[in-house]
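Please read them with the structure open beside you.

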Amino acid sequence: MGLNKILSIAGKPGLFRLLTQTRSGFVAESLLDGKKVTVSFKNNVSVLSEIAIYTLEEEVPLKVVFEKIKEKEDGGKTAVSHKDDKIKLEEYLFEVLPNYDEDRVYASDIKKIIQWYNLLHEHGITEFADEEEKEEEASKEIE
């Protein structure tokens with residue numbers, strides 16, 4: 001499952017898996033406790049596949065950052081916790097993404113990245129690219 005079905009809902013902790021759409025919104029399942037919630041279109045919802053991190057040159061999609069973390073940690077959980085101090089979190093992101101924009105990426109953003117990565121890892125969601133993207137990459141390698 002790619003990040004296009006994983007949501008962050010403002011005001012609710014953790015991440016959610018999109019289950020189905022309704023007339024007034026959608027139904028999602030919490031990755032923290034498995035509870036289903038109905039969310040209105042009025043809520044502020046972010047799809048993880050649409051989130052990007054500022055660097056000095058461009059915006060890097062979150063899935064690329066997650067892939068770099070996965071590579072650094074050999075597929076395991078992060079060496080730091082989202083509860084660690086600001087300096088430690090910034091050093092960790094600098095190791096993963098050396099050119100991230102320190103002025104526009106806050107410690108709270110780094111905490112979310114680490115917390116989300118570990119939560120996805122706990123639920124066996126470690127393939128961050130969409131199926132379509134994988135097929136595109138495979139067809140490019142064949143050419």
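**Notes on the helices and the sheet**

1. Helix α1 and helix α3 (residues 107–122) pack at an angle of about 70°, and their axes lie 11 Å apart. That angle makes α1 roughly perpendicular to α3, since angles of 65 to 115 degrees are counted in that class. This is a predicted model, and the points below should be read with that in mind.

2. On the α1 side, the residues that meet α3 are L62, V65, F66, I69 and K70, and their partners in α3 are I113, W116, Y117 and L120. By class, the residues of this contact divide into eight nonpolar and one charged, with no polar residue among them.

3. Which residues of α1 (residues 62–72) are buried? They are L62, K63, V65, F66, I69 and K70. When the helix is viewed down its axis, these buried residues fall within an arc of 155°, so they line one face of α1. As background, an α-helix has 3.6 residues a turn, so residues three or four places apart point the same way.

4. The contact is made by V65, K68, I69 and K72 of α1, together with Y92, L93, E95 and V96 of α2. The residues of this contact divide into five nonpolar and three charged, again with no polar residue. V65 and I69 are named in the contact with α2 and also in the contact with α3.

5. Turning to the strands, the model has an open sheet of five strands in the order β4-β3-β2-β1-β5, with antiparallel pairing. The edge strands are β4 (36–40) and β5 (45–47), each of which pairs on one side only. Direction ignored, neighbouring strands of this sheet are turned by 45° against each other on average.

6. How many bridges join β2 to β3, and how many join β3 to β4? Five bridges join β2 to β3, which run antiparallel, and five join β3 to β4, also antiparallel. In these pairings L18 stands opposite A28 in β3, while G25 stands opposite S40 in β4. A hairpin of three residues joins β2 to β3, whereas the hairpin of β3 and β4 has five residues between the strands, and in it G34 takes a positive phi near 80°. Five of the six residues of β3 (residues 25–30) are buried, so this strand is largely enclosed by the rest of the structure.

7. Strand β1 (residues 6–9) is joined to β2 (residues 16–21) by two bridges, and the two strands run antiparallel; here I6 stands opposite R17 in β2. S8 lies in strand β1 and is buried, with a relative accessible area of 15%, where under 20% counts as buried. Leaving aside residues up to four places away in sequence, S8 touches L15, N44, V45, S46, L48 and W116. Among these, W116 also belongs to the α3 side of the contact with α1.

Definitions and conventions
Residues numbered from 1 in each chain as written. Predicted model: local features only at pLDDT ≥ 70, side-chain atom pairs only at ≥ 80, totals over all residues. Heavy atoms only, no water. Buried < 20%, exposed > 50% of the residue type's maximum accessible area, 1.4 Å probe, protein only. Helix = DSSP H or I, 4+ residues; strand = E, 2+ residues; numbered from the N terminus. Arc of directions from axis to C-beta. Contact = heavy atoms within 4.5 Å. Nonpolar A, V, L, I, M, F, W, Y, C, P; charged D, E, K, R; others polar. Pairing = 2+ DSSP bridges. Axes fitted to C-alpha atoms, helices over the stretch in contact; angles between N-to-C directions. Parallel < 35°, antiparallel > 145°, perpendicular 65-115°, else oblique.
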